[in-house]
Amino acid sequence: MIQLNFHSSVPIYEQIVTQYKYMVLQGYLRQGDAIPSVRKLALQLEITPGTVAKAYRELERRHVIETVRGKGTFIAGKGDFKEDEEVIKKVKEDLKAQCMELIYQGWDKPRILKLVEEIFTELKGGGDEK
């Protein structure tokens with residue numbers, strides 16, 4: 001389910017966050033689906049429980065998952081996703097840097113926009129415009 005790259009410069013907890021968000025976007029995980037406990041996922045991935053706990057805290061902060069005391073951890077409803085100003089600001093900075101690199105590679109605006117549309121379609125699985 002979760003695949004980690006221990007040679008990546010991306011922290012392990014961020015890899016977990018990204019992969020859970022991707023699985024939700026792709027429909028592999030749906031609202032109400034249970035996900036492994038911190039301890040169980042840590043054992044499966046052979047990492048420390050603290051790393052998984054950090055990922056789960058971030059996923060809860062972003063309203064991707066919710067923990068029900070005594071029941072477990074579940075995927076939150078898609079309607080529960082909240083816009084996070086800090087995340088938007090970071091993404092904008094990252095996109096700016098990536099677009100600058102593409103411009104230096106000789107790409108023009110239509111080509112960059114086409115790439116963004118392709119990525120959006122890949123992540124959202126088609127014609128959904130939201």
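A polar contact here is a pair of N or O atoms within 3.5 Å; within protein, one must be able to donate a hydrogen and the other to accept it, and residues adjacent in sequence count only if both atoms are side-chain atoms.

Now the ground rules. This is a predicted model, in which local features need pLDDT of at least 70 and side-chain atom pairs count only at pLDDT 80 or more, while totals for chains, interfaces and linings use all residues. Residues are numbered from 1 along each chain as its sequence is written, and side-chain values use heavy atoms, with hydrogens and water left out.

First, the overall picture. The protein has five helices and three strands; helices (H or I, at least four residues) and strands (E, at least two) are DSSP runs, numbered from the N terminus. In sequence order the pattern is α-β-α-α-β-β-α-α. The C-alpha trace spans about 55 × 35 × 25 Å along its principal axes. Of the 130 residues, 25% are buried, where buried means under 20% relative accessible area, exposed over 50%, and partly exposed in between (1.4 Å probe, protein chains only).

Next, the sheet. It is open, with three strands in the order β1-β3-β2 and antiparallel pairing. The edge strands, each pairing on one side only, are β1 (34-35) and β2 (65-68). Two strands pair if DSSP finds at least two bridges between them. β1 and β3 (residues 72-75) are joined by two bridges, and β2 and β3 by four.

Across β1, β2 and β3 lies helix α3 (residues 49-61), running at about 105 degrees to β2. Axes are lines fitted to C-alpha atoms, for helices over the stretch in contact, and angles run from 0 to 180 degrees between N-to-C directions.

Contact means heavy atoms within 4.5 Å, and beyond its neighbours within four places in sequence T73 is in contact with D33, A34, I35, Y56, I65, E66 and T67. With T67 there is also a polar contact of 3.3 Å between the side chains.

D33 sits in the loop between α1 and β1. With a relative accessible area of 28%, D33 is partly exposed. Not counting residues up to four places away in sequence, D33 touches Y28, T73, F74 and I75.

Last, the largest pocket. On a 1 Å grid over the protein atoms alone, a pocket is an open set of points where a 1.4 Å probe fits, with protein on both sides within 12 Å along at least five of seven lines; lining residues have an atom within 4 Å of a point. The largest one has a volume of about 1,800 Å³, volume being the space filled by probe spheres set on the points, which are joined across faces, edges and corners. Its lining has 36 residues, and K21, R62, V87, V91 and L123 lie nearest its centre. Which helix supplies the largest share of the lining? That is α4, with 11 residues.
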